[in-house]
Amino acid sequence: MAAENPAESLQEEATCPVCLEYFTEPVSLECGHNFCRDCISQCWEGSDTARSCPQCRETVQQRNLRPNRQLANIIEIAKRLNLQAAKAAGGDGVCGEHQEALKLFCEEDQPPICVVCDKSRAHRAHRVVPIQEAAQEYKERIQAHLKTLREEREKLLGLKATGERNSREYLKQTQTERQNIVSEFQQLRQFLEEQERLLLAQLEKLDEEIVRIQNENVSQLSEQISRLSELISEMEGKCQKPASEFLQDIRSTLSRCEKGKFQQPEEISPELEERVSGFSWKTIALLETLGKFKDTLPSALETKRGGSLGAFRQVKVTLDPDTAYPDLVLSEDRKCVRCGDTRQNLPKNPERFDCWACVLGCEGFSSGRHCWEVEVGGGGGWAVGVARESVGRKGGISLSPDGGIWAVEQWRGQLQALTSPETPLPLSRVPSRIRVCLDCDRGQVTFINAGDEAPIFTFPLGSIPGERIRPWLRVWVRDTRLRLCP
């Protein structure tokens with residue numbers, strides 16, 4: 001039989017048989033057994049009869065509780081020995097209450113505990129496992145989390161690298177755009193300066209010719225006024241003479257009066273007047289062109305420049321018959337939609353609009369910049385735009401960004417944006433062809449008059465969510481049709 005472990009024997013002797021922990025203020029009974037003072041007091045509490053030893057049941061007197069100071073000293077020595085043994089064994093720490101090695105783990109309260117804690121009331125009913133086993137189990141769980149965390153870190157590092165790379169590329173693109181803009185505006189300034197010099201030179205020539213004609217007219221008129229004044233004085237003097245003298249050479253006098261009539265000076269020639277008038281109209285036309293250019297410049301730079309920041313990829317769009325409202329009739333090539341005379345008997349599939357006369361495009365976009373054109377003709381009762389792929393199809397959905405639709409419509413001669421509430425668009429005339437420019441990366445859609453490149457309306461940046469977006473058309477007047485341009 002193996003020899004008994006002295007350390008375990010010492011620990012057993014230093015343990016109270018009632019609380020199973022190290023003695024606290026140990027006292028001895030007449031029978032020789034030892035207990036904690038509080039433990040024996042609790043055992044005898046409320047008993048009016050003779051007290052007995054909890055261990056041997058021998059009757060004792062309560063007043064004979066003698067403090068066992070030697071046992072108390074031995075307990076302190078046992079605690080220090082246990083602490084030294086735990087440190088020498090390289091254990092996982094020492095219990096602060098019992099000075100025992102922390103060899104166990106309570107799975108309910110989650111702290112490492114010693115063997116004395118395991119037998120105490122606090123942990124007696126709990127599930128306790130060896131601390132190494134618990135550590136191994138939790139290490140495996142932590143390792144699983146570490147794998148996920150490392151993967152997330154790699155993703156974030158990849159996103160960071162991609163973002164930095166994209167930023168560098170975008171900065172190169174913006175620098176190129178900046179150089180292009182500076183060069184183009186420099187050429188534009190040179191052109192305008194040349195036009196200014198040319199027009200001012202032409203005006204200077206017109207000024208010189210007008211002044212020359214005016215000076216010649218003034219000289220001619222002054223000469224005629226002088227001759228007429230002399231003739232008038234002479235005729236007035238002749239009229240004062242006697243009749244015999246007055247009638248002498250009367251025929252010559254009358255002839256001189258008739259020849260002295262006023263002659264009209266040279267007028268502004270029709271050619272010169274036409275040149276002045278034409279120049280005025282040329283100036284007006286030039287100013288109107290410059291004003292129009294100023295208004296349409298942002299749109300032109302955004303949608304027509306070759307730079308990558310402003311380039312939109314033109315895409316082919318076809319209509320999805322599975323989403324078309326039953327009253328709508330699609331052409332065979334699915335490029336044209338109109339409102340039919342009678343409702344068609346179509347399957348009531350979940351994708352189909354059942355309240356508004358709408359239809360979606362087959363194509364969807366979630367990134368990049370795309371544009372397409374829609375021929376709207378001259379009729380009213382139509383709407384053109386984009387919609388979320390998850391837009392509601394059943395019932396009275398909201399035809400606005402709140403309902404997942406960004407569009408412009410014409411109704412009763414008025415063009416308006418389908419905001420909430422609608423935004424009237426003060427255009428001189430409704431365009432016949434509309435270009436829809438969808439910027440998925442910036443969450444923006446712009447509508448442009450494809451005829452003269454004039455902007456119609458732009459929904460603000462970030463107004464379109466980062467999900468799949470599809471073309472959207474609506475027709476509710478029978479004489480109106482919409483056609484997707486090739």
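Contact here means heavy atoms within 4.5 Å, and by that rule glutamine 414 touches Glu409, Pro424 and Leu425, once residues up to four places away in sequence are not counted. This is a predicted model, where local features need pLDDT of at least 70 and side-chain atom pairs count only at pLDDT 80 or more, while totals for chains, interfaces and linings use all residues. Residues are numbered from 1 along each chain as its sequence is written, and side-chain values use heavy atoms, with hydrogens and water left out.

**Confidence**
- The protein chain has a mean pLDDT of 81 (pLDDT being the predictor's confidence in each residue, from 0 to 100), and 84% of its residues reach 70 or more.
- Watch residues 303-310: pLDDT stays under 50 there, although the model has 27 contacts beyond four places in sequence for this stretch.
- Where pLDDT is low, the predicted coordinates should not be read in detail.

**Around glutamine 414**
- Glutamine 414 is in strand β16 (residues 414-417); strands (E, at least two residues) and helices (H or I, at least four) are DSSP runs, numbered from the N terminus.
- With a relative accessible area of 32%, glutamine 414 is partly exposed; buried means under 20%, exposed over 50%, and partly exposed in between, using a 1.4 Å probe and protein chains only.
- Proline 426 is 12 residues away from glutamine 414 in sequence, and their C-alpha atoms are 8.4 Å apart in space.

**Aspartate 439 and its arginines**
- Aspartate 439 is found in strand β18 (residues 433-439), and it counts as buried because its relative accessibility is 1%.
- Its side chain joins that of arginine 369 through a polar contact of 2.8 Å. The term covers a pair of N or O atoms within 3.5 Å; within protein, one must be able to donate a hydrogen and the other to accept it, and residues adjacent in sequence count only if both atoms are side-chain atoms.
- The side chain of aspartate 439 also makes a polar contact with the side chain of arginine 442, at 2.9 Å.
- Leaving aside neighbours within four places in sequence, aspartate 439 is in contact with Phe312, Gly368, Arg369 and Gln444.
- Arginine 369 in turn lies over the face of phenylalanine 312, at 5.6 Å from the ring centre; a charge sits over a ring if NZ of Lys or CZ of Arg is within 6 Å of the ring centre and within 35 degrees of the ring normal.
- Arginine 393 lies over the face of phenylalanine 353, at 5.6 Å from the ring centre.

**Aromatic pairs**
- The whole structure has five aromatic pairs, where rings of Phe, Tyr and Trp (its six-membered ring) pair if their centres lie within 6.5 Å; planes under 30 degrees apart count as stacked, over 60 as edge-to-face and the rest as tilted.
- Among them is a stacked pair, phenylalanine 365 with tryptophan 372, at 5.8 Å centre to centre and 20° between the planes. Both phenylalanine 365 and tryptophan 372 are buried.
- Phenylalanine 447 and phenylalanine 459 pair edge-to-face, with 6.3 Å between centres and 70° between planes.
- That pair links distant parts of the chain, 12 residues apart: phenylalanine 447 is in strand β19 (residues 444-449), and phenylalanine 459 is in the loop between β20 (455-458) and β21 (469-475).
- Phenylalanine 447 is buried at 0% relative accessible area, and phenylalanine 459 is buried at 3%.
- Ring pairs link Phe447, Phe457 and Phe459 into a cluster.

**Cysteines**
- The structure holds zero disulfides, a disulfide being a pair of cysteine sulfur atoms within 2.5 Å.
- For cysteine 53, the nearest cysteine sulfur is that of cysteine 31, 3.6 Å away.
- Cysteine 53 is buried at 0% relative accessibility, and cysteine 336 is buried at 11%.
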